[in-house]
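Opening the notebook on this chain. I go from the overall fold to the sheet, then to single residues.

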Amino acid sequence: MPAKEIVYYSEPLGGNGSGQSIFQNEVLPLTEAAGVLYTMLETKHCLNAQEIAHSLDLRKYDGVICVSGDGLLVEVVNGLLRREDWETAIKVPLGIILQVINVHLMLLLLCREIGKDKVL
């Protein structure tokens, strides 16, 4: 089986604008040390990640990781769901490396972890 790649999405203007710095200083050294092939995609405008995910050749990739705020991940998921092969596309492993701390997202994940159904 040929080696595949990970796709990293970065949104230079999203969140606090530190996505590229986090990728270069934190993510890239680990990726290279692990010998993982990767493609870095930087969004250019609003909904660009959705457009890219809609047309991305997913056969080439093992997963998609967003280095940004949670909005970029939402764009990627929407792009995958709009594909004709969405039932296959949505099974691609997704990840997120948050460049900002999203309190609401953290509360949601924490409350689900401890079994609470409602977040105040």
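Terms first: helices (H or I, at least four residues) and strands (E, at least two) are DSSP runs, numbered from the N terminus. By that count I get five helices and four strands, running β-α-β-α-β-α-α-β-α from the N terminus on.

Provenance, before I go on: this is a predicted model, where local features need pLDDT of at least 70 and side-chain atom pairs count only at pLDDT 80 or more, while totals for chains, interfaces and linings use all residues. Residues are numbered from 1 along each chain as its sequence is written, and side-chain values use heavy atoms, with hydrogens and water left out.

**Sheet.** In what order do the four strands lie in the open sheet? I read β2-β1-β3-β4, with parallel pairing (two strands pair if DSSP finds at least two bridges between them). β2 (37–42) and β4 (94–98) each have a single partner strand, so one side of each has no neighbour in the sheet. On average, neighbouring strands are turned by 20° against each other, direction ignored (axes are lines fitted to C-alpha atoms, for helices over the stretch in contact, and angles run from 0 to 180 degrees between N-to-C directions). I looked up β3 (residues 61–68) next: five bridges join β3 to β4, and Val67 has Ile97 in β4 as its bridge partner.

**Helices on the sheet.** Helix α3 (residues 70–81) packs on the sheet and touches β1 (5–10), β3 and β4 (contact means heavy atoms within 4.5 Å). The direction of α3 makes about 160° with that of β4. In α2 (residues 48–55) I find Asn48, Ala49, Gln50, Ile52 and Ala53 buried (buried is under 20% relative accessible area, exposed over 50%, partly exposed in between, with a 1.4 Å probe and protein chains only). Their cover includes β1, β2 and α3.

**Ala89.** Is Ala89 buried or exposed? Ala89 is buried, at a relative accessible area of 1%, and sits in helix α4 (residues 86–89). Leaving out residues up to four places away in sequence, Ala89 touches Leu58, Leu80 and Arg83. I also checked Asp57, which is 32 residues from Ala89 in sequence and 9.8 Å away in space, C-alpha to C-alpha.

**Leu81.** I place Leu81 in helix α3 and note that Leu81 is partly exposed, at 41% relative accessible area.

**Whole chain.** Buried residues make up 34% of the 120 in the chain. Among contacts between residues at least 6 apart in sequence, 74% join residues at least 24 apart.
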